[in-house]
Amino acid sequence: MLTAVLIPLIFAFFVPFISKYKQKVHTGVFVLIIPLGIFLYFIQFIGKDFAPFIHEYSWIPSLGINFDFYLDGLSLLFVLLISGIGTLVVLYSIFYLDTSEKLSHFYVYLLMFMSAMLGVILSDNVFVLYTFWELTSISSFLLIGYWHHRERSRYGAQKSMLITIFGGLSMLGGLIFLTVITNTTSIRAMINSMDEILNSNYLPLIMVLILLGAFTKSAQFPFHIWLPDAMEAPTPVSAYLHSATMVKAGIYLVARFSPIFHAYEWFFITVSIIGIVTLVWASYMAVRQTDLKAILAFSTVSQLGMIMAMLGFGTEAAVFAAVFHILNHATFKGSLFMIAGIIDHETGTRDIRKLGGLLTFMPMSATLALFGTFSMAGVPLPFLNGFYSKELFFESTTHLDITSNTFAATFADIIPYLAVFGSIFTFVYSMYFFFGVFMGQKKLDLLPKKPHEAPLGMLLSPIVLVLGVIIIGLFPNIVNGTLLTHAAKSINGNVDYHAIQFWHGLKPAFLMSLVVVGIGAILFLTLKKWRKIYSVIPGKLSFNELYDKTIDIIDRYAKRITNFYMTGSLKLYMSIILGAIIAFSFLIMVTTDGFSHITFNDLADVEWIDFTVIIVMALAAICTIFVNNKLSLIIITGIVGFGISILFVIFRAPDLALTQLVVETVSMALFLLAYYHLPELRKRNETITTSASNAILSLGIGTLITMVGIAAHSSDWFASISDYFVETAYSLGGGHNIVNVILVDMRGLDTLFEITVLGIAALAIYGLIKVRKNKEAE
């Protein structure tokens, strides 16, 4: 499974080279084999006898962080959606994106996102999951902002990044709490230790932190505002990220951790309320939109709210319905996003006010849209998969037996009414989408391009998805026992196989469906008469406006604070940094009794030669203040460094002495090589205030370092680790130089990060030099 997760990321490195031949062969043709191969690999696990299994790969075992990939029914469902829809999206993009586009960028971002989603779904280690989780935010930011020359694309990418990253950091806090409480980083082990979690005083905080991560990623109310703006991305991105994958990551997170929280009643209250409110509000707002992708964006938010609510219910029927609708939603919504892209591609607009009567021009697209929209609306027809999961949703709302909490019981009683209300508007926006585009009066004079049917290649992907709608509708049990039941059991172990049937008799769920269709039809036919209500509700109130004002306030005050100290004075910057180090270090040391156990026991004898070296170093350090000659300053500075080497020799630390000698020699050589580029030294006429502040900072830093050194020597909080390094330097690191072994082997990860920082700095310097040369050339 490690290969399946990382192969898209690895292949992404070769995409820029492959893209050089895009004029001959579209880059997407090569990329297509990656998701298709992953899909074919995982589809072999579908079957009634499927059993979960785990693959473990060592990464950072000392911290309990390993690549532990766990495949059960839930992760199998999501992996198939990620790879299957990914294959169709790449196929669609081959015909949607012209070779004049920056295809290498697009496919690198797409493959990066695919790897990240697979990592999220399959990771059993919470910190590996979080790593991939944030990678989805970064890659989706790049995909949404793919057309970065458009202001709205940049705005949408930034909004999605800020909101989802905020949720991701919150989720990380919850995961750390879980790790501390259960003493494990494994999700499966955490589920087995759920009694410890449920008995923890931090349970409410943990639940809130994790749900914030889930709600922001899956665009739940009120965090839903990022998803409509993300529609500025190319249609393949919308069809992939916002119908089947990224927005479902939050759904997956709730589903994966629900075995831990389902016994906590506030989990039901919180998740169910947020889910139902999201369903109602987003379906209501979808009818207000005029952009086809905006309609589908609010539709996605609404459908995600419905799935989230069912996970909140937590009953066997609700969990199965949620899993079923995850699959169904991916099929009909993915096809509808692609149809919206086709309409935009072939007419030049997505504005529904300019569209109409396209059935005669685009009969194939209209047919596909008919199945997609009617399935999304939950129209009771046996060949529409959306109806089955919608009716199971209605059925689950009528079987909520909550008696222990008065508020929860009252809320459970009104859930069926809210479900019907939200579904009515789902029906309205579905009809609004289909009939507003393909039926009614033709408006050819308003279209930038003369409409015509899309090429077959662009239609292939939505055809496959619509075939999925029909096949699942006609034969729902084909995916029931082999896939859906396994996925539902991963969430609620009590779920058992039950055959899905179209006709259940005149039960409340079917009657609710009839009410939705009846009232929804009336509202759709009278849409123009009541649509003015949007000027009242929400009217001028807008979560987007709240977001914009919040960002504006943060930006304005951040500029004020930054301009206060960012004056261009390096001296001021260093003074602030050093002053902060002195203040906070002393504060922490004093409040933690760091200076209370200072002793001078077990110290080496100090001879006259030691005093001599120290006096020479001190005099050299003082001389650096008064010397105005560059060469003299370099030599005097070297005296201080070489003096330290001599002290290391005197106190029998040859490893440190050699290291210090090498560092000091290289430093002096570098100073001399750059001699002519060093600034000229001149005497400064400083004010008394400046001289006093300099003296205070100098004495403060010197005192701090001295006190910290003495306190470190005096502390006995931990056993000394020096003996360990002496004993194991050769056996573990294979070297006699203990200092080098510590740097290269014992602290290898830290050294790697330092090298990475230096590499980034080098690239930044190179970039600045290149920019400067380009400006000089101009």
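This is a predicted model: local features need pLDDT of at least 70, side-chain atom pairs count only at pLDDT 80 or more; totals for chains, interfaces and linings use all residues.
Helices here are DSSP runs of H or I with at least four residues, numbered from the N terminus. The points below walk through some backbone details, a hairpin, a helix pair and one leucine.

**Cis peptide bonds**
- Most peptide bonds are trans, and most residues other than glycine have a negative phi.
- The bond from I537 to P538 is cis, with omega near 10°.
- A cis bond also runs from F221 to P222, where omega is near 0°.
- P222 sits in the loop between helix 11 (203-217) and helix 12 (226-229).

- N183 counts as exposed because its relative accessible area is 71%, and the cut-off for exposed is over 50%.

**The hairpin of strands 1 and 2**
- Strand 1 (residues 53-60) pairs with strand 2 in the antiparallel sense, over 6 bridges.
- Within this pairing, Y57 has F67 of strand 2 as its bridge partner.
- The hairpin has 4 residues between the strands, and G64 takes a positive phi near 70°.
- Strand 2 (residues 65-71) is mostly covered, with 7 of its 7 residues buried.

**Helix 17 against helix 22**
- Helix 17 (residues 316-347) packs on helix 22 (residues 480-491) at an angle of about 125°, and the axes are 9 Å apart.
- That angle is why helix 17 counts as oblique to helix 22.
- The crossing of helix 17 past helix 22 is right-handed.
- Helix 17 contributes V319, F320, V323, F324 and L327 to the contact, while helix 22 contributes N480, L484, T485, A487, A488 and I491.
- By type, the residues of this contact comprise 9 nonpolar, 2 polar and no charged.

**L631 in helix 28**
- L631 belongs to helix 28 (residues 630-650).
- Its relative accessibility is 38%, so L631 counts as partly exposed.
- Beyond its neighbours within four places in sequence, L631 is in contact with L672 and Y675.
- L631 and L672 are 41 residues apart along the chain, and their C-alpha atoms are separated by 8.0 Å.

Note on methods: Residues are numbered from 1 along each chain as its sequence is written. Side-chain values use heavy atoms; hydrogens and water are left out. Helices (H or I, at least four residues) and strands (E, at least two) are DSSP runs, numbered from the N terminus. Buried means under 20% relative accessible area, exposed over 50%, partly exposed in between (1.4 Å probe, protein chains only). Contact means heavy atoms within 4.5 Å. Axes are lines fitted to C-alpha atoms, for helices over the stretch in contact, and angles run from 0 to 180 degrees between N-to-C directions. Angles under 35 degrees count as roughly parallel, over 145 as roughly antiparallel, 65 to 115 as roughly perpendicular and the rest as oblique. A crossing is left-handed if the near helix is turned anticlockwise from the far one by less than a right angle, and right-handed if clockwise. Ala, Val, Leu, Ile, Met, Phe, Trp, Tyr, Cys and Pro count as nonpolar, Asp, Glu, Lys and Arg as charged, and the others, Gly among them, as polar. Two strands pair if DSSP finds at least two bridges between them.
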